[in-house]
Structures are given as C-alpha cells and as structure tokens.
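I opened this notebook to record what I looked up, entry by entry. The structure comes before the notes.

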Amino acid sequence: MGFIERMKAEALKNQKNLVLPEGTDKRVINAAKILADEGLVKEVWLVGDEGAVINAAKAEGVKIDGRIKLADPSKSALLDAYANEYYELRKAKGMTEEQARKEMLNPLYWGAMMVRKGDGDAMVAGAVNTTGAVASSALKVIKTAPGIKTASSCFIMEKQGTDWGYQGSYILADCAVIIEPDANQLADIVLAAADSCRSFLLTEPKIAMLSFSSKGSAKHETVDRVTQALEIVKQRDPNLKVDGELQLDASIIPEVAARKAPGSPVAGSPNTLIFPNINAGNIGYKLMQRFGGFEAYGPIFQGFAKPVSDLSRGCNTTDIVYTALGTINKK
C-alpha cells in the first residue's frame, strides 16, 4: 500500500476536521469537494467572506452543505472569543485588543485559531498566500510542539515496488523552511522528522544525519554541527535510532555502510534522511524525484503543536488533496 492509499485509509478511519483558509480559490474549493465526496474528512471548512465563498463555490458547481462548511470570521459568534485568545497570546509582544480583533479577521489567523481551539484538526494553506504568511500565522497562533523551538518541514518520497527506505518510502527533512540550521535547530528537525516518520510511514524511525563526511572522514565546521546535533538528539531521546555524520552512500548502501560506518544502528537501512541545510535538502529531494523516479509529497510542516501545512502557489487541486491527506493524519 502506497503513501496516498495509507493516508486515505487513515483518513477514512479517523474522520478529522480540515480547515482551508483560502476558501475563494477554485483549486481549494474543488479539493474540498473531493475530500468531502470521498468521505475523507468529517468536515472541511472553507474560510472567507460568506458571499465571496458562496459565489466562488457556485462557479465551480460546488454546494456548501453536508461535510463542506463555511466560516466567515466577520459574522461568526466565535469572533470575540478567538480575538481575546489571540490577544492573550500576543499581548506580551505589544498586541492590543483592537489589533487582535483585526488580525483575527484574516482567514489564515482564523483558520489557525480554529485548529488551536480544536474546532478544526488541521489547516492547509498556501495556494494563495506565501509560505512566510502561512508559517507566521501558525507560529503566532498554534505555536510549536512542546520541547520543540524550531518549525520545519518534511517531504515523503516514495518509489513503489522497491525496497528503498521503508517499503519504498523515505522521510526527508528539512528541504523547505530552515535555510542554515544550527545544532539545536538541526536536533529539532531530527526529532520532528521522527514524529513525521511515525505518522506517514507508520513505522519507527531509523534516522541518518547526512553530511559530506562519514564518521570523521573530513573535518569542517558544518560536519561539527551535525555531530553536535546528534549528541543533543541522543540526550533528548536516548531510545531513538539515529546516527551521523554519514555520507549518502554510507547511509543507504549496506556494503558501503559496513566499510564507512561499521556498527552503526541505522547505516545501510534508514527510513529518514536529515540534510545539514536547505541547499542539500532541496537539491536532494529533487534529484530523487527527477532522476530517481520517486514521487514527492510535501512539503508538510512539522514541529508545530498541531497539524498545519503549506502549499505551493502553483499547486493544483490534486496537490491540495494529497497535502491535506498527509496533514490531517499528522500526529
């Protein structure tokens, strides 16, 4: 069973509520219809001005009824409660009550607050808004998970019919958010990726922290950063199967691992690959996708207290559906 099939099975079983803050975009509206029609969500909320959302949905032949719901922040009975919650979260940063109410009318912030308050289980946005705007709303409202200070992202890479990674799949992180992580940020990325592995691959993580060096074969400050991050991870989660620094071939090829990293608990058979920076991560996932024939699903945010994900503004309806399936199943 591939990633999408796994996520559909989990979605059908768990019946979560999804929030889509860009409720007037036709791609988002059609994604909502697919998710609702296939019973993959309990409810899917389109957020925006009531008239604008209704007109946009009508233009696509989509009715807002049944599993498809509409949330207009300006008309909601929850506005006062949401604005007050946001004010309490941000008043130490200088937020006023008036500013809180105004910002809560923004569909991104409204959607994030729905998830924070449990009125929604997950949020997916970015078809219209930038990654920075989506991340900012999530950081201000949803916050990062306990013990994690750094929000990051992961890709699920899959090549069915192979035995790469776990049943043909890998988790890759971080390929889209943190440009040059320090050791503490890299450790956060590792721990968040471990949770992503459990959520998306439905197995325990085996994590390789990648570098151009394997076990001291080269000396450089970027290598030191990986080894420092490894020690932090071991202190924070002593039971996690993780090792580094490892070159790519030493991490995924058993014969090379036996020579370059003998005795490693993960070398030769990892299911999660951690890149030292976004340059390596972005190039790495695209090489796997374009040359290796892997399907790439993501990026899906990780490290937040509750599930939220970003989309490319060039996404299509299928991209939104697939990202939503991953996000609503994020534990």
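**Entry 1: terms and source.** I call a residue buried under 20% relative accessible area, exposed over 50% and partly exposed in between, with a 1.4 Å probe and protein chains only. Helices (H or I, at least four residues) and strands (E, at least two) are DSSP runs, numbered from the N terminus. The model is predicted, so I note that local features need pLDDT of at least 70 and side-chain atom pairs count only at pLDDT 80 or more, while totals for chains, interfaces and linings use all residues. Residues are numbered from 1 along each chain as its sequence is written, and side-chain values use heavy atoms, with hydrogens and water left out.

**Entry 2: strand β6.** I looked up how β6 is covered. On one side S169, I171 and A173 are buried, and on the other Y170 and L172 are buried too, which leaves both faces covered. In a regular strand the side chains alternate between the two faces of the sheet. S169 belongs to β6, residues 169–173, and counts as buried because its relative accessibility is 1%. Leaving out residues up to four places away in sequence, S169 touches R6, M157, E158, W164, L201 and N271; contact here means heavy atoms within 4.5 Å.

**Entry 3: the sheet.** Which order do the six strands of the open sheet take? I read β8-β7-β9-β6-β5-β10, with mixed pairing. β8 (241–246) and β10 (295–302) are at the edges with a single partner strand each, so one side of each has no neighbour in the sheet. On average, neighbouring strands are turned by 20 degrees against each other, direction ignored. Two strands pair if DSSP finds at least two bridges between them. β5 and β6 are antiparallel, with four bridges, and F155 stands opposite L172 in β6. β6 and β9 run parallel and are joined by three bridges; the partner of I171 in β9 is T272. β7 (residues 206–210) and β9 (residues 272–274) are also parallel, with three bridges, and A208 has L273 as its bridge partner in β9.

**Entry 4: aromatic pairs.** I counted rings of Phe, Tyr and Trp (its six-membered ring) as a pair if their centres lie within 6.5 Å; planes under 30 degrees apart are stacked, over 60 edge-to-face and the rest tilted. The structure holds eight such pairs. Y82 and W110 make a tilted one, 4.4 Å centre to centre with 45 degrees between the planes. Y82 is in helix α4 (residues 79–90) and W110 in helix α6 (residues 107–117), 28 residues apart. Both Y82 and W110 are buried. F155 and Y285 are stacked, because their ring centres are 3.9 Å apart and their planes at 20 degrees. F155 lies in β5 (residues 152–158) and Y285 in helix α12 (residues 278–290), so this pair ties together parts 130 residues apart in sequence. F155 is buried at a relative accessible area of 4%, and Y285 is buried at 11% relative accessibility. I also noted one aromatic cluster of F3, F200, Y297 and Y322.

**Entry 5: helix α2.** Which residues of α2 are buried? I found R27, V28, I29, A31, A32, L35 and A36. These buried residues pack against β1 (17–20), β2 (43–47), α3 (50–59), β3 (68–71) and α13 (317–328). After α2 comes G39, with a positive phi near 70 degrees.

Definitions and conventions: Axes are lines fitted to C-alpha atoms, for helices over the stretch in contact, and angles run from 0 to 180 degrees between N-to-C directions.
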